[in-house]
Amino acid sequence: MKQETNALALARQWLVDNSSLIGVLVLIAAVCLVGALTTDRFFGCNNFLNVYEQSTDLALVSIGQTLTILTGGIDLSVGSLISLTSCLASGLINGDPDRVLPVAALVLALGTCVGLLNAALVIGLRVHPLIVTLGMGAVLQGVTLLYAMGPVGKVPPNFNFLAYGRIADLPLGATIAAMLCILVALLLRYLPLGRQIYAVGDDDNAARLTGLPRTRVLMFVYGCSGFGCAATGLYLVARFGVGQPYTGVNYTLASITPVILGGTALSGGKGGVIGTLLGVYLISLVSNLLNFMDVSKHYQLVAQALIIILAVSVYVNRRRAV
Amino acid sequence: MTEVTAPPAQGNPDRGLITALRGLLARFGIFLLPPALLLLGGAISPAFLGASNVSNLLLQIAPLGIVAIGQCFVMIVRGLDLSVASMMATAAVIATGFSGSNGDVASIVAAVLAMAVGVGLINGLLVTKRDVSPFLATLATMILLQGFRFAYTQGAPSGNVPPLFRTLGSGKFDGIPFNFAILLVLATLFWIVLHRSAFGRRVFIVGGNPVTGRLLGIRSDLVTIVCYVLSSCLAGIAGLILSGYVGLVDNWVGQGYELDSIVACVIGGVSLKGGRGAILGALAGAAIIMVIANEVLLFGLPIQIQIIIKGAVIVIAAALYARRT
């Protein structure tokens, strides 16, 4: 009898701990149900693989964004960094197959460096990340426009394998993103650095007083975010075949939505990347469904805003209730 | 008591003076920057300080100044309003939604203000009653407005702005632009509201220390909501004026003003943590941004440099203010 109540208590605890994940899963199931009822093309392996494929870019940015938000910060430079890296990648490769690998490596290194610079400014100037990355975003957008005012460069035709290629029927880019996400999730759970990220986000002062390597933590999360942006930039070049100076504009805000849907608190210290990944899939599913229902792009924006408002209101309420 | 404190001041009068000067500089240094920038511009090109360019500068400062006043209120109550630019564009689209004659001005203004009050209420209620972070709440309304605007205009707005708005937005009287006169009136009004009224005191208390505010019996939620409504309404007015200045309306009137108005406030000493700020500082910030933008063109630098400078300025300004406190 006693053991049974223990098991019940454990199960309840598990449910409470993972309530945000369960919430997203329930929403995903609900969207699938609505989709299956409205159109017979929605519920099928093919369509789900498409949705999975289309979620790549958002997944790549959002993983890094989750890390910065976990430390109580935010990265508003992601949109401009994506634009810059995609322009540089396509402009420097310029159709030459031999340059693909070195340029890809260079762009990824550059993205990481910009992230590290963000972290250095946050630490050195003691200014809130919101302002540092907002300013950095403006600077990067300016630099991007100095480099190219319109679509620039081109990539060899087989470069689009990154975006459209499939290995054993699984889309390559989306699978890379999912693998990265699982890797980061393991890191957050099992490595000291991961626990330190939560500690810094939970109480920055306490973390500093207990001697946690705050500098290293911030460098890591903003570096990851920059790396993710560069990866997204490369992916977008592969998808569109060309770099555009405004291609990343919408990602700044879009990357925050799945993080919040996935149950990561904006105040930091609570949440995780798996929730974010599920949030990304939820968003992709919703926009896929809205496409099937012939909802115009304009009303999709409205839907996106309503989802943000609903998500934040609901989560806040739950946190208050606890 | 006086005997104890007097000797050090007497023994080292220079230090007292320097401290006082430094205090003055910290407080009013911001107001030296616009004239300094103007002189710099004048030194490089005499035309810069000519009557017509200065008058044009005033014309450009006005809409940003009006938005910055509202942003200042919101930032003092620990908020941030990202929806202002979207509100401006919405106001501009509404302005062309009627027949385009002066007879519609009253209904246009009424429609814009009603819309603005609604947007401000949504922002304020989300922030206060649902504890949503101001950043996200105003972000959501920004996207919401954008979606409705695009759905309404089908991506291609058409129609004319009533001539009265054209006059207010771009007309001048003896070199003084009408829209700058509007800015002066609004600035005076809201300077009194913020710095000389009981409501203004409450705004500072709610932003500076919400717990004290609650203990004093201030309805902090109400004060915060009013600040968001003010910000939206001022953005609506600025949008109408800017639509008159631009002449033709597109879906992006006022694009970038959310960032610019925040930058203006931060440069002007409005604290991002709330509780500190002044209307005059925000206006000086707006003037600095517009003068810099004007000078970038004057110096023949590529226009993209404007964005880079804006980004650098906001970080530097925030860093300077962070050091001081």
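I will talk through the contact between chain B and chain A, then a nonpolar patch, and then one salt bridge.

Please keep in mind that this is a predicted model, in which local features need pLDDT of at least 70 and side-chain atom pairs count only at pLDDT 80 or more, while totals for chains, interfaces and linings use all residues. Residues are numbered from 1 along each chain as its sequence is written, chains are lettered from A and ligands numbered from 1 in the order in which they are written, and side-chain values use heavy atoms, with hydrogens and water left out.

Let me begin with the interface. Chain B brings 37 residues to the contact and chain A brings 36 residues, where contact means heavy atoms within 4.5 Å. Together the two chains bury about 3200 Å², with 82% of that on carbon and sulfur atoms; buried area here is the accessible area, taken with a 1.4 Å probe, that two parts lose on being put together, summed over both. Between chain B and chain A there are 0 salt bridges, a salt bridge being a side-chain nitrogen of Lys or Arg within 4 Å of a carboxyl oxygen of Asp or Glu.

Turning to the patch, B:Leu17, B:Leu21, B:Leu24, B:Phe28, B:Phe31, B:Trp191, B:Ile192 and B:Leu280 make a nonpolar surface patch of about 740 Å² (residues with over 30% relative accessible area and no salt bridge, nonpolar side chains being joined within 5 Å; areas by the Shrake-Rupley method with a 1.4 Å probe, only the protein chains shown counting as cover). H2(B) gives the largest share, 5 residues, and B:Trp191 lies in helix H8 of chain B (helices are DSSP runs of H or I, at least four residues, numbered from the N terminus).

Finally, A:Arg239 pairs with A:Asp57 in a salt bridge whose closest N and O atoms are 3.8 Å apart. This pair joins helix H12 to helix H4 of chain A, across 182 residues.

Note on methods:
Patches are made of residues with over 30% relative accessible area and no salt bridge: like charges are joined within 9 Å, nonpolar side chains (Val, Leu, Ile, Met, Phe, Trp, Tyr) within 5 Å. Helices (H or I, at least four residues) and strands (E, at least two) are DSSP runs, numbered from the N terminus.
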